[in-house]
Amino acid sequence: MHEVVETIAAVYAAQGNHSYGENISQIEHAVQCAELAIRDNESPQLIAAALMHDIGHLLAATDVAFGNYRHDAVGADYLAKYFPAELTEPVRLHAQAKRYLCTVEPGYFERLSEASVDSLNHQGGLMDQQEQLEFKQGVFFQQAIKLRRWDDEGKIDELSKQGFNHYLPYIEDSLTKN
């Protein structure tokens, strides 16, 4: 196994049992999101993005009950050293996707958890028309929306019976080849 994959697995093993204001741990949430991506027959890169989309919560300490409000950028910046944009940009954009969906999809905001509402307020709130247009025209718009939906759905007890390490081959397959 590649060294960075071992490092990521170690980060989740050490920090992944913590919650960030949801009813499940970071590891449970990660594997549930990855499982949803697998069920949707997505690429290894998008499955790995689903698995690691919240790694920024684990990399940057915070005293905030609902986690690191910049976890999307923190995680994407860390992952960009090792992985292609097909993996890192959906991670970078998943909070923006929440802002977008809250703005354009009736009823979306009302379905958010307390933690998601709190972070939305710290991540820019609703998008104005220019922000919506720019986001929708982005290369990774569709992938970010998919990841956001898995993020919303991946908070159900027992969605995945697999442990974190079951999904490591998707991370390994996604490494940028030098």
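User: How do helix α3 and helix α9 pack, and at what angle?

Analyst: In this predicted model, helix α3 (residues 44-52) packs with helix α9 (residues 141-153) at an angle of about 45 degrees. Their axes are 10 Å apart. That angle makes α3 oblique to α9.

User: Is the crossing of α3 and α9 left-handed or right-handed?

Analyst: The crossing in which α3 passes α9 is right-handed.

User: Which residues make the contact?

Analyst: From α3 the contact has Leu-46, Ala-49 and Ala-50. From α9 it has Gln-143, Lys-146, Leu-147 and Trp-150. By class, the residues in this contact of α3 with α9 are five nonpolar, one polar and one charged.

User: Now α3 and α6. At what angle do they pack, and how far apart are their axes?

Analyst: The angle between α3 and α6 is about 35 degrees, and the axes are 8 Å apart. The crossing of these two helices is right-handed.

User: And which residues are in that contact?

Analyst: On the α3 side they are Gln-45, Leu-46, Ala-48, Ala-49 and Met-52. On the α6 side they are Glu-86, Leu-87, Pro-90 and Val-91. The classes in the contact of α3 with α6 are seven nonpolar, one polar and one charged. Leu-46 and Ala-49 of α3 also take part in the contact with α9.

User: What about α2 and α9, what is the angle there?

Analyst: Helix α2 (residues 26-39) packs with α9 at an angle of about 130 degrees, with the axes 9 Å apart. The two helices are therefore oblique to each other. α2 passes α9 in a right-handed crossing.

User: Which residues of α2 meet which residues of α9?

Analyst: His-29, Gln-32, Cys-33, Leu-36 and Ala-37 of α2 meet Trp-150, Asp-151 and Glu-153 of α9. This contact of α2 with α9 has four nonpolar, two polar and two charged residues. Trp-150 of α9 is also part of the contact with α3.

User: Changing topic: how many aromatic pairs are there?

Analyst: The count comes to six aromatic pairs. One of them is formed by Tyr-12 and Phe-164 and is stacked, with 4.3 Å centre to centre and 20 degrees between the planes.

User: Where do Tyr-12 and Phe-164 sit in the chain?

Analyst: Tyr-12 is in helix α1 (residues 3-15), and Phe-164 is in the loop between α9 and α10 (168-174). The pair links distant parts of the chain, 152 residues apart.

User: Are those two buried or exposed?

Analyst: Tyr-12 counts as buried because its relative accessibility is 1%. Phe-164 counts as buried because its relative accessibility is 6%.

User: And Tyr-100 with Phe-135, is that pair stacked or tilted?

Analyst: The pair of Tyr-100 and Phe-135 is tilted, at 5.4 Å centre to centre and 45 degrees between the planes. Tyr-100 is in helix α6 (residues 85-104) and Phe-135 in helix α8 (residues 129-136), 35 residues apart. Tyr-100 and Phe-135 are both buried.

User: Which residues form an aromatic cluster?

Analyst: Tyr-78, Tyr-82 and Phe-83 form one aromatic cluster.

User: On to α7. Which of its residues are buried?

Analyst: In helix α7 (residues 114-122), the buried residues are Ala-115, Ser-116, Asp-118, Ser-119 and Leu-120. These buried residues pack against α6 and α9.

User: What about phi of Asn-41?

Analyst: Asn-41 has a phi near 55 degrees, a positive value in a residue other than glycine. Most residues other than glycine have a negative phi. Asn-41 lies in the loop between α2 and α3. Asn-41 is exposed, with a relative accessible area of 71%.

User: Last one: where is Gly-163?

Analyst: Gly-163 is in the loop between α9 and α10. Gly-163 counts as partly exposed because its relative accessibility is 40%. The C-alpha atoms of Gly-163 and Val-31 are separated by 7.0 Å, although the two residues are 132 residues apart along the chain.

Key
Residues are numbered from 1 along each chain as its sequence is written. This is a predicted model: local features need pLDDT of at least 70, side-chain atom pairs count only at pLDDT 80 or more; totals for chains, interfaces and linings use all residues. Side-chain values use heavy atoms; hydrogens and water are left out. Axes are lines fitted to C-alpha atoms, for helices over the stretch in contact, and angles run from 0 to 180 degrees between N-to-C directions. Helices (H or I, at least four residues) and strands (E, at least two) are DSSP runs, numbered from the N terminus. Angles under 35 degrees count as roughly parallel, over 145 as roughly antiparallel, 65 to 115 as roughly perpendicular and the rest as oblique. A crossing is left-handed if the near helix is turned anticlockwise from the far one by less than a right angle, and right-handed if clockwise. Contact means heavy atoms within 4.5 Å. Ala, Val, Leu, Ile, Met, Phe, Trp, Tyr, Cys and Pro count as nonpolar, Asp, Glu, Lys and Arg as charged, and the others, Gly among them, as polar. Rings of Phe, Tyr and Trp (its six-membered ring) pair if their centres lie within 6.5 Å; planes under 30 degrees apart count as stacked, over 60 as edge-to-face and the rest as tilted. Buried means under 20% relative accessible area, exposed over 50%, partly exposed in between (1.4 Å probe, protein chains only).
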